[in-house]
Amino acid sequence: MAAQKYNKPQRSPELHTPGAWLQWAVGEYESHDLALGQISDNAHDEALYLILRTLGLPLDSEPDVLERLLSPEQKKLLRQNFRRRIMEHVPASYLTKEAWLGEHRFYCDERVLTPRSYFLELIPTLSSYLPKGTPVKDVVDVCTGSGCLAVLLAYEFGSARVDAVELSPDALEVAQINVCEHGLTDRITLHESDVFDAVPERRYDIILSNPPYEPSAVCDQLPDEFKHEPRMALDGGADGLIIVRKLLQQAMSRLQPDGLVVLEVGAQRRAMQQAWPNLPMRWLKTFDKMNCVCLIRAADLAKHFRG
Ligand SMILES: C[S@@+](CC[C@H](N)C(=O)[O-])C[C@H]1O[C@@H](n2cnc3c(N)ncnc32)[C@H](O)[C@@H]1O
């Protein structure tokens, strides 16, 4: 039934323009119950993204590109990508082999989580939480995946050296691609390590992480789109906090005295507060009011973990 439905566009005379594909695709997203949240939180924007990037057009293309007549080859590419998106629930980012954080493009494939982090809006605010005038010299992105946040850190803190830590060798290969494509090989050092276990001794001004934080039972129930992503990028163990716990324990000995830990934890805010009721956590405000990134100061961490 679904396959028959998919055959429709191949025969439809009206799908000769990107605009016609867009209108059709939005309906298909709804009728096939496609999960969103990787590229965009709405079907229109994701379908538009997939059309433009399949055709090699920029995301800020003028609206009149939607009226252009497509060549047979272009229609074939659109058919292929929408078939995989709709029938196999493959994330759009794995079809286009890219994802964008703001103006920055990152290579992306099945080896890494699709970049989508609140740190895009929060990294520019981080220096305001350090004592005024503190030079930011050393920062680290733990659980770097595609390396996207390490790259954003390197852009934000132009004189800092950036470490990027990742346990998956596959993900590290993708991070390496992105570090090279952004011309940051002299600024960013990649480390294969379970949190800080194999990272050489160094103290950081900022430890940043978007770790795996979904409880395992939640991972089991995720929509297919998210099951295409590496399980180890999402699964934070029984309570979702396995990596967070290890990171907080190790962070103490890795921070400068005025240093900060910033952690993106999705729906685990309450679990964090229950796990560490006496540890001061500041929940940073985000535009969509999810406020799921917490900031913890080195001094508070030291007091808490040393008792
Ligand atoms: C939620 S993804 C975040 C990726 C990237 N920072 C981003 O924001 O798109 C978490 C990443 O942590 C990695 N990871 C999982 N366990 C780890 C561990 N024990 N030590 C280091 N990295 C780990 C996963 O392989 C995955 O790439």
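Which side chain meets that of E229 in a salt bridge? The side chain of R116 does, at 2.8 Å from N to O. The model is predicted.

## Salt bridges

Side chains of opposite charge can pair when their charged atoms come close.

Where do the two partners sit?

## Ligand shell

How many residues surround the ligand? The shell counts 19, and the closest are C143, E166, D194, N210 and A233. By class, twelve are nonpolar, five are polar and two are charged.

## Polar contacts and cover

A polar backbone atom of V195 lies 3.0 Å from a ligand nitrogen. For T144, a backbone N or O atom is 3.4 Å from a nitrogen atom of the ligand. N210 uses its side chain: an N or O atom there lies 2.9 Å from a ligand oxygen.

On its own, the ligand has 590 Å² of accessible area, and the protein covers 96% of this. Two elements give two or more residues each to the shell: α7 (148-156) and α11 (231-234).

## A β-α-β unit

Strand β4 (residues 161-166) and strand β5 (residues 188-192) run parallel. Five bridges join them. In one of these strands, β5, H191 is the bridge partner of V165.

Which hand does the unit have? With helix α8 (residues 169-181), β4 and β5 make a right-handed β-α-β unit. E166, at the end of the β4 range 161-166, is also among the residues closest to the ligand.

Terms used: Residues are numbered from 1 along each chain as its sequence is written. This is a predicted model: local features need pLDDT of at least 70, side-chain atom pairs count only at pLDDT 80 or more; totals for chains, interfaces and linings use all residues. Side-chain values use heavy atoms; hydrogens and water are left out. Two strands pair if DSSP finds at least two bridges between them. Helices (H or I, at least four residues) and strands (E, at least two) are DSSP runs, numbered from the N terminus. A crossover is right-handed if, with the strands pointing away from the viewer, the path from the first strand over the helix to the second runs clockwise. A residue is near a molecule or strand if one of its heavy atoms lies within 4 Å of it. A polar contact is a pair of N or O atoms within 3.5 Å; within protein, one must be able to donate a hydrogen and the other to accept it, and residues adjacent in sequence count only if both atoms are side-chain atoms. Accessible areas come from the Shrake-Rupley method with a 1.4 Å probe; for residues, only the protein chains shown count as cover. Ala, Val, Leu, Ile, Met, Phe, Trp, Tyr, Cys and Pro count as nonpolar, Asp, Glu, Lys and Arg as charged, and the others, Gly among them, as polar. A salt bridge is a side-chain nitrogen of Lys or Arg within 4 Å of a carboxyl oxygen of Asp or Glu.
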